[in-house]
Amino acid sequence: MTGDPVFEFALRMGDNCLVLGQSNSAWCGHAPILEEDIALANVSLDLIGQAKLWLSLAAELQGEDKSADDIAFLRDVREFRNCLLVEQPNGDYAQTLMRQFLFDAWHLPMLTALVRSTNVRISEVAEKSVKEAAYHLERSTDLVIRLGDGNDESRDRMQSALKALWRFTGELTTPDDVDQALQEDQAAPDLDEIAAHYEQYTQRVLREATLVIPDVSGMQIGGKSGLHTEGLGFLLAEMQSLQRMYPGASW
Amino acid sequence: MYAQEVKSTGKGLKTLEEMDPEERAFQEKIDANIKIEPKEWMPEGYRKTLIRQISQHAHSEIVGQLPEGNWITRAPTLDRKAILLAKVQDEAGHGLYLYCAAETLGISRDQMTEQLLSGKAKYSSIFNYPTLTWADIGAIGWLVDGAAIMNQVPIQRCSFGPYSRAMIRVCKEESFHQRQGYDIMMVLAKGTPEQKEMAQDALNRWWWPSLMMFGPPDAESVHSVQSMAWKIKMNTNDELRQKFVDQTVPQAEYLGLKVPDDDLKWNEEKDGYDFGEIDWGEFYEILKGNGPCNKERLGARQKAWSDGEWFREGLMAYSKKRKARKVAAE
């Protein structure tokens with residue numbers, strides 16, 4: 001590991017929120033029903049707000065006089081540190097919801113633990129985000145259950161989404177040098193504990209949703225160290241287009 | 001406006017003496033500025049006209065999400081992204097409570113949605129123009145929301161209670177929308193030469209369509225008289241258009257941008273601007289469905305609705321199952 005683990009960690013947390021918020025926001029105006037348009041936009045708004053908090057922290061720690069916007073809009077794919085799960089394509093609404101659920105079920109226990117971080121800056125951001133994450137999980141859990149246990153088509157779609165996305169969940173709770181360094185300082189939780197919590201929660205909800213968790217072999221890992229799937233490049237190309245086209249301009 | 005060509009009853013205005021007692025009592029209430037509430041008696045024409053007007057307004061909010069929604073994923077900073085997302089979300093919220101207001105008149109949201117998707121119901125012409133650059137997001141907030149406010153502020157005083165109350169809420173948010181649009185324009189106008197050019201280009205393209213939002217000239221606006229007597233339309237199209245021009249031209253000057261109208265000049269006598277001829281041919285073509293984005297806008301709404309059918313039906317199926325389980329358990 002090179003560099004400051006807190007900086008790396010802030011990037012990971014921030015990039016997760018940014019990439020997921022960005023993807024969700026593309027649904028605005030196109031969701032299955034008006035109430036969903038509003039609710040998903042809310043979730044996206046929360047995530048983009050949280051991304052700003054984490055990336056501002058990262059920018060400050062980096063000490064190169066950069067802003068959260070510089071970090072968000074002027075890095076390329078290999079410098080992004082989000083997990084692979086959040087960069088998976090929107091797909092149909094089932095895939096978007098399942099992606100959200102699988103993320104929320106990790107995000108909430110993470111933030112809950114981070115509130116108690118020995119690093120004040122981390123705990124401040126976690127404190128500001130944790131209530132929103134609790135609402136996100138409540139909402140995505142509810143929808144996963146209702147659609148999984150809905151009719152044949154809704155179950156099939158949710159099951160396909162779970163099948164496509166489950167292999168990206170292992171990364172969320174697989175520790176690396178950064179996680180270990182932070183855990184030693186009690187700045188971040190033991191990911192094994194988060195894993196136990198994650199497994200228990202997702203199993204309970206997915207069972208209630210009548211969905212079957214696929215085989216866990218072949219978990220994909222890489223996002224946290226900048227090794228991404230192909231979709232992220234397109235997402236960034238779109239998100240960063242104005243900043244790239246007009247370097248140095250203010251907006 | 002958001003409701004541009006609301007067909008009212010074709011008949012001429014009746015005097016109070018010509019009305020039967022029920023209708024007369026109704027009109028007298030309106031004349032005394034007493035609000036009409038959903039369960040009270042109202043003439044069928046009033047009900048129908050209001051359904052058309054409110055649902056057109058609601059549809060405009062819903063379709064209006066699309067041109068701006070285009071730019072959420074490309075907004076140039078995190079703050080701009082959050083503000084735009086919040087704004088477009090507000091539009092969805094406006095649509096929602098306008099649909100609710102219309103539902104009090106005896107039509108369901110599904111029926112209104114069906115009318116929109118089949119092309120039977122109209123929405124504002126303005127949303128059939130493309131958003132090509134980031135400056136268009138500024139221009140829409142400034143001009144389109146500005147024009148909407150011009151029309152909606154008086155509707156806060158309209159005779160139908162639920163519509164009037166919905167408008168009070170809508171107007172609060174719209175003025176925030178307009179400010180964010182003007183703020184985008186201000187930053188661009190003071191930015192690099194390319195940004196300033198982008199801002200001018202957006203004004204050039206959105207100016208005339210914004211003036212068309214107020215609907216046809218009074219002389220051709222056949223449905224206004226009855227609607228004004230019912231106080232569901234508070235000002236004529238031309239009055240509001242004039243007010244909009246008078247308010248907006250100095251704002252453009254402040255930005256250092258040129259309004260794209262060579263005939264625009266201050267008229268001391270009328271204490272307002274004279275302005276050039278609007279291309280009504282273009283307006284009517286758009287109403288007929290031949291605007292630059294009519295097909296894309298309606299297509300996007302149709303796709304969202306049909307792609308989302310499984311979602312809505314899945315939730316219904318779950319809710320039925322749950323009820324059945326509850327009954328079985330009792």
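Predicted model: local features only at pLDDT ≥ 70, side-chain atom pairs only at ≥ 80, totals over all residues.
## Where the chains meet

Start with the interface. On chain B, 47 residues are in contact with 49 residues of chain A. Together the two chains bury about 4,100 Å². Carbon and sulfur atoms make up 68% of that area. Three residues stand out on the chain B side: Leu78(B), Trp310(B) and Phe311(B). They supply 20% of the area that chain B buries against chain A, more than any other three residues.

Polar links cross the interface as well. There are 16 residue pairs in polar contact between chain B and chain A, counting pairs with both residues at pLDDT 80 or more. Which helices of chain B each supply at least two residues to the side that touches chain A? They are helix 2 (44-69), helix 3 (78-103), helix 6 (161-189), helix 7 (193-212), helix 11 (294-307) and helix 12 (309-329). Helix 3 of chain B gives the largest share, 14 residues. Sorted by class, this side of chain B holds 26 nonpolar, 10 polar and 11 charged residues.

## Salt bridges

Over all chains, the structure has 34 salt bridges. Four salt bridges run between chain B and chain A. The table lists some examples from the structure.

| Lys321(B) | Asp149(A) | 2.9 Å |

Look at Asp149(A). Arg325(B) is partly exposed, with a relative accessible area of 42%.

Arg146(A) and Asp142(A) sit in helix 5 (residues 120-148) of chain A. They are four residues apart, so about one helical turn separates them. Arg146(A) is partly exposed at 26%, and Asp142(A) is partly exposed at 35%. Arg24(B) and Glu28(B) are also four residues apart, about one turn, in helix 1 (residues 21-31) of chain B. Arg24(B) is partly exposed at 32% relative accessibility. Glu28(B) is partly exposed at 37%.

Salt bridges can also link up into a network. Arg12(A), Asp176(A), Asp179(A) and Lys224(A) are joined in this way.

## The nonpolar core

In soluble globular proteins, nonpolar side chains tend to be buried together. Here the largest nonpolar core has 180 residues. Those with the most contacts inside it are Phe9(A), Trp54(A), Met98(A), Leu114(A), Tyr46(B) and Trp134(B). Helix 2 (residues 34-62) of chain A gives the most to this core, 14 residues.

Trp134(B) is worth a look. Beyond its neighbours within four places in sequence, Trp134(B) has contacts in both chains. Among them are Leu242(A) and Trp251(A) from chain A, and Trp71(B), Leu84(B) and Met198(B) from chain B.

What does the side chain of Asn237(B) reach? It reaches the backbone oxygen of Pro216(B), at 2.8 Å. Asn237(B) is in helix 9 of chain B. At 4% relative accessibility, Asn237(B) is buried. Leaving aside residues within four places in sequence, its contacts include Phe214(B), Asp218(B) and Ser221(B).

Thr236(B) lies in the loop between helix 8 (224-229) and helix 9 (237-255) of chain B. At 17%, Thr236(B) counts as buried because the cut-off is 20%. Its side chain reaches the backbone nitrogen of Glu239(B) at 3.2 Å. Thr236(B) also touches Asp218(B) and Met228(B). Thr236(B) and Asp218(B) are 18 residues apart in sequence, yet their C-alpha atoms are 6.5 Å apart in space.

Asn294(B) is in helix 11 of chain B. It is buried too, at 9%. The side chain of Asn294(B) reaches the backbone oxygen of Ile286(B) at 2.9 Å.

How values were computed. Residues numbered from 1 in each chain as written. Chains lettered and ligands numbered in written order. Heavy atoms only, no water. Contact = heavy atoms within 4.5 Å. Buried area = accessible area lost by both parts, 1.4 Å probe. Salt bridge = Lys/Arg side-chain N within 4 Å of Asp/Glu carboxyl O. Polar contact = N/O pair within 3.5 Å; in protein donor to acceptor, adjacent residues only side chain to side chain. Nonpolar A, V, L, I, M, F, W, Y, C, P; charged D, E, K, R; others polar. Core = buried A, V, L, I, M, F, W, Y, C linked by side-chain atoms within 4.5 Å. Buried < 20%, exposed > 50% of the residue type's maximum accessible area, 1.4 Å probe, protein only.
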